[in-house]
Amino acid sequence: MNYHSPASFAEASALAADATGITRFLAGGTDVLVQLRADIVTPDNLIDIKKIGGVRDITRNADGGWTLGVAVTGAEMSEHPELGRDWPGLVEAMDLIGSTQVQGRATLAGNLCNASPAADSVPAMFAAGVTVTVTGLGGDRVVAVEDIPTAPGRTSLGKGELISAVHVPARGQNAGDAYLRFIPRTEMDIAVVGCGVNLRLEGDTITEARVSLGAVAPTVLLVEDCANAIIGTTLDQAALEALASAASAACNPIDDKRGTIAFRTEVAGVLARRAAKIAYARAKGEQA
Amino acid sequence: MALDDRKSDFKFVGTRPDRPDGLDKVTGRAKFGADAHAPGMLHGAILRSPHAHARIVKIDTSKAEALKDVKAVITRADFSDKVPFKPGLEGEFWNVLENVMAGEKALYDGHAVAAVAATSALAARDALKQIEVEYEVLPHVTDVDKAMAPDAPVIREGAADYSVPEGMHPNVVRYHESGHGDVEAGFAEADLVIEDSFVTEATHQGYIEPHACLASLGNDGKGELWCCTQGHWIVQKTCAALLGMETSNLRVTASEIGGGFGGKTTVFIEPVALALSRKANRPVKVVMNRSEVFRATGPTSSASMDVKIGMKKDGTITAAEGIFRLQGGAFPGAPGDMTAMCGFAPYNLTNVRQVGYDVMANRPKQAAYRAPGAPMGAFAVESVIDELCNKLGLDPIDVRLKNAAYEGTKASYGPRYGRIGLVETLEAAKAHPHYAAPLKPGQGRGIACGFWFNHGGETSVSLALSEDGSAQLMVGTPDIGGSRASMALMAAEVLGIPYENIRVTVADTATLGYNDVSHGSRVTYASGLATIKAARNAVEKLCERAAAKWGIPVDAVKWEDGCAVPSGPNAGDFDPMPLADITTNMGSTGGPISGHFEATPEGAGVSFGTHIVDAEVDPETGKTAVTRYTVIQDAGKAIHPAYVEGQYQGGAVQGIGWALNEEYIYGEDGRLQNSIFLDYRIPVASDLPMIDTVIVEVPNPGHPFGVRGVGETGIVPPLAAIANAVSNAAGVRMRQLPMSPPRILAALKDNG
């Protein structure tokens with residue numbers, strides 16, 4: 001195994017492009033190292049991107065949006081004084097992952113690139129409209145997060161490409177987000193169903209919404225029917241029912257050790273309702 | 001036993017001092033299984049079958065052996081061929097051998113088929129990939145009911161013992177039937193009869209420390225083994241048999257132990273490490289990973305049960321009948337007999353009949369797990385009693401009190417009970433504020449009782465006094481629940497010297513007589529009894545020295561508060577002689593003073609408990625929260641109450657896991673789907689309420705201080721108590737464990 005610690009994303013990209021065999025980028029390592037130790041994947045090349053300048057920075061942009069370095073950890077997001085005020089759903093989603101120790105390492109970019117449909121931060125990123133900068137041999141391009149995962153464990157990133165920054169949009173006025181997951185326990189578990197909701201109000205009426213579902217399909221889903229079910233409403237009972245139905249209808253889950261098709265389909269609707277209520281309350285400026 | 005053997009007023013017993021091994025454990029100084037190292041040590045790794053059932057056609061180890069880092073490769077051929085196959089549990093050494101290294105067939109996913117010793121753990125792991133095994137995959141079965149069906153694949157012909165009735169499938173290997181009275185006549189007398197079927201899944205003991213050992217077996221035939229175990233003499237005896245050595249040529253030392261719960265009462269990797277060491281002529285360390293622990297060490301049995309109980313309108317049980325089918329993996333040993341005997345044991349029944357089956361399937365060999373077999377039976381029996389109470393509008397504690405066994409009751413499994421404390425636990429439950437506390441909407445309350453036999457077992461203890469008057473106590477039962485503290489308290493009570501002046505050591509197999517495993521809730525009872533007797537043996541010698549010094553007969557000297565004193569005014573007028581004054585010159589007054597005791601104590605004294613549980617079910621997701629939990633159990637006499645409470649709480653916690661989320665999940669291919677803690681869901685701390693405890697003390701006449709074992713009874717009622725609480729909260733009877741959210745949500749939907 002060859003270990004590399006490039007000083008720039010261009011160098012990291014070149015290393016990956018030239019590499020033969022299995023290549024893995026090492027940010028937090030909470031997936032890569034686990035797979036390595038469990039003898040699931042033994043990479044030929046391990047490219048550590050934590051030593052690239054700025055990868056631990058959380059920066060407020062001029063437009064009010066945020067840029068997060070790819071090695072920013074869940075703990076650093078949770079402890080940031082302002083990020084969570086803008087995007088409580090996104091920060092809480094990241095904070096749900098793993099233990100205190102894992103929080104000290106795990107990253108948004110890693111969670112996205114691991115491409116698990118059950119990844120907790122990914123539905124929250126989908127809902128928030130997060131974009132990422134992808135660096136490749138041909139330079140940088142900005143990609144919406146929903147265009148990154150393509151199947152369990154697979155991404156749209158080509159050989160020599162890696163994520164070099166995470167961009168969270170400006171929060172703006174009268175808006176709120178929320179993420180809920182279902183697990184049989186209270187922590188240290190993996191989502192059986194996850195749901196992210198991000199919405200904006202004018203008065204009491206929802207004018208913009210993005211709703212995402214996790215662990216109910218081969219990839220995290222951005223569900224337009226769910227958004228349409230609540231846009232133009234005040235999130236009354238009828239809207240909540242329509243949202244739940246749309247969420248359940250969007251599910252294409254599997255029966256496995258973590259849950260059944262029937263359970264996931266049902267609970268997707270339940271979580272959509274509950275998450276939407278929290279996001280709505282936050283948009284109204286209420287504590288939730 | 002004579003009454004003057006009894007003691008009821010205590011100075012040390014019943015106090016809560018810090019445990020002697022506490023500092024070592026919180027600072028990391030304690031040495032566990034994987035903490036041992038030896039010069040020239042190799043690392044072992046084990047190749048495991050990916051198939052649930054397969055004939056091993058050929059194993060080619062030549063490529064692995066050719067690797068420069070590899071120093072030994074072994075298969076079944078490297079073990080003794082003199083361990084005979086016998087039916088049932090008679091051939092337990094053969095069963096263990098077959099389990100630690102497969103013979104003609106791989107019998108479950110994870111079954112060991114070969115092993116490697118190499119210069120590093122990584123080299124050993126990679127070398128396994130170079131071993132070529134040709135399998136002929138066979139049909140498999142993992143479900144207990146399917147394993148008994150006529151068309152089930154046969155796991156091994158000839159494994160059934162004499163007890164199995166003719167015409168049963170060869171996978172049924174032991175049969176138990178017991179009871180008394182006439183159950184049909186009893187059911188005819190009942191106002192209401194309920195008959196239901198129940199299912200529980202296999203669960204793992206879930207100890208935090210994976211199995212680990214360091215073995216050294218040289219050309220001189222002398223072996224050393226360091227391992228994490230609940231009983232090193234059984235390890236010594238078993239490994240010696242499997243390796244074909246003299247027992248005394250193998251010295252086994254028990255490491256500190258990070259949990260066992262019954263799962264470390266046998267061997268898995270130890271004989272493999274010894275065989276590798278013998279072949280490589282180097283010490284070999286083997287450490288399991290968590291996936292190996294799940295796939296290849298003992299979970300408990302899965303069960304399928306039918307229970308029928310008849311009750312009169314006033315709550316009197318007129319008859320009870322149970323059929324308990326337990327699946328214990330690809331070997332005999334599933335405790336269907338225990339399940340059958342324990343199920344109805346809390347009750348005074350005129351008509352009772354119980355049947356237990358021991359059934360083999362393509363799963364890992366079951367191992368003991370706290371009160372093996374009892375929790376499942378209690379789940380079925382106590383659920384039916386709860387249904388009867390609900391339908392007849394009766395209070396669940398009153399009904400249990402009405403039918404409770406007491407001193408003199410003929411137990412469902414045969415003998416008459418001596419002094420027991422079930423009624424006292426029920427009365428304490430009824431009086432507890434928990435039972436009167438109002439429930440919130442969506443919450444339900446469950447009550448259940450539980451029984452366990454408790455055990456004595458072979459025991460040796462040695463106590464040596466030092467010149468300064470301190471004492472060293474050598475016991476042979478690994479400390480799995482704070483037993484060093486309990487032993488020191490009991491020795492302090494007899495000797496009359498401070499707790500802190502007694503050092504308790506878990507001695508190795510070469511330095512103490514035989515000791516049975518730390519199981520059967522026997523340690524505080526049996527090692528405790530032996531400690532008291534060994535200390536009394538030393539006290540007799542101390543009194544002899546005092547008598548000689550004073551020039552009076554030894555029967556004119558008694559022991560009081562750590563001093564020899566004249567037994568009465570007629571014995572003479574001497575100042576009390578403290579222990580240290582006797583030991584200070586013991587070398588010149590007759591030699592070193594020690595006390596010993598060896599026996600197989602028979603008076604363990606059965607134990608009962610009653611649990612009260614409140615649960616809340618989310619009707620939209622089926623998720624359960626246990627909101628309040630109270631354990632009430634008879635300890636006979638709590639030597640160290642904090643550790644008794646710990647046992648109660650631990651039993652409840654493991655029961656919560658078993659009831660709600662823990663289960664072995666097998667795929668269609670017979671492979672275990674959830675062999676890591678992410679998907680094998682034991683409760684985390686935040687899942688649990690504070691577990692309240694009440695220690696009831698009804699002294700056991702079979703122990704000098706009245707001790708009853710407390711390690712196991714605490715896991716018997718929880719499955720039932722939680723199921724009753726959940727069923728009452730959800731308004732639908734849950735008859736299958738675990739009561740996972742998908743299962744509860746489906747039941748709610750079916751219920752409309």
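**Reading helices, strands and contacts**

Tutor: Start with a crossing. Helix 11 of chain B passes helix 19 of chain B in a right-handed crossing. A crossing is right-handed if the near helix is turned clockwise from the far one by less than a right angle, and left-handed if anticlockwise. Helices (H or I, at least four residues) and strands (E, at least two) are DSSP runs, numbered from the N terminus. This is a predicted model: local features need pLDDT of at least 70, side-chain atom pairs count only at pLDDT 80 or more, and totals for chains, interfaces and linings use all residues. Residues are numbered from 1 along each chain as its sequence is written, while chains are lettered from A and ligands numbered from 1 in the order in which they are written.

Student: How is a pair of packed helices described?

Tutor: By the angle between their axes and the distance between the axes. Axes are lines fitted to C-alpha atoms, for helices over the stretch in contact, and angles run from 0 to 180 degrees between N-to-C directions. Here, helix 11 (residues 374-392) and helix 19 (residues 718-730) of chain B have axes that come within 7 Å and cross at roughly 35 degrees.

Student: Which residues of helix 11 of chain B meet helix 19 of chain B?

Tutor: Contact means C-beta atoms, placed from the backbone, within 7 Å. Helix 11 of chain B brings residues including Phe379(B) and Glu382(B). Helix 19 of chain B brings Leu719(B), Ala720(B), Ala723(B) and Asn724(B). The residues of this contact divide into seven nonpolar, two polar and two charged. Ala, Val, Leu, Ile, Met, Phe, Trp, Tyr, Cys and Pro count as nonpolar, Asp, Glu, Lys and Arg as charged, and the others, Gly among them, as polar.

Student: How do I read a sheet?

Tutor: Strands of a sheet pair through backbone hydrogen bonds, either parallel or antiparallel. Two strands pair if DSSP finds at least two bridges between them. Chain A has an open sheet of five strands, in the order 4-5-10-6-7, with antiparallel pairing. Strand 4 (58-60) and strand 7 (139-144) of chain A stand at the edges with a single partner strand each, so one side of each has no neighbour in the sheet. On average, neighbouring strands of this sheet are turned by 25 degrees against each other, direction ignored.

Student: How many bridges join strand 6 of chain A and strand 7 of chain A?

Tutor: Six, in the antiparallel sense. In strand 7 of chain A, Ala144(A) is the bridge partner of Thr131(A).

Student: Now the whole of chain B. How many helices and strands are in it?

Tutor: Chain B has 20 helices and 26 strands. Its radius of gyration, taken over C-alpha atoms, is 27 Å, close to the 27 Å that the globule rule (2.2 Å times the number of residues to the power 0.38) gives for 752 residues, so chain B is as compact as a globular protein of that length.

Student: What does "buried" mean?

Tutor: A residue is buried if 20 or more other C-beta atoms lie within 10 Å of its own, exposed if 12 or fewer, and partly exposed in between; C-beta atoms are placed from the backbone. In chain B, 59% of the 752 residues are buried. Take helix 8 (residues 270-280) of chain B: 10 of its 11 residues are buried, so helix 8 is largely enclosed by the rest of the structure. Just after helix 8 of chain B, Asn281(B) takes a positive phi of about 55 degrees.

Student: Is Phe294(B) buried or exposed?

Tutor: Buried, with 23 C-beta neighbours inside 10 Å. Phe294(B) lies in helix 9 (residues 290-296) of chain B.

Methods
Two residues are in contact if their C-beta atoms, placed from the backbone, lie within 7 Å.
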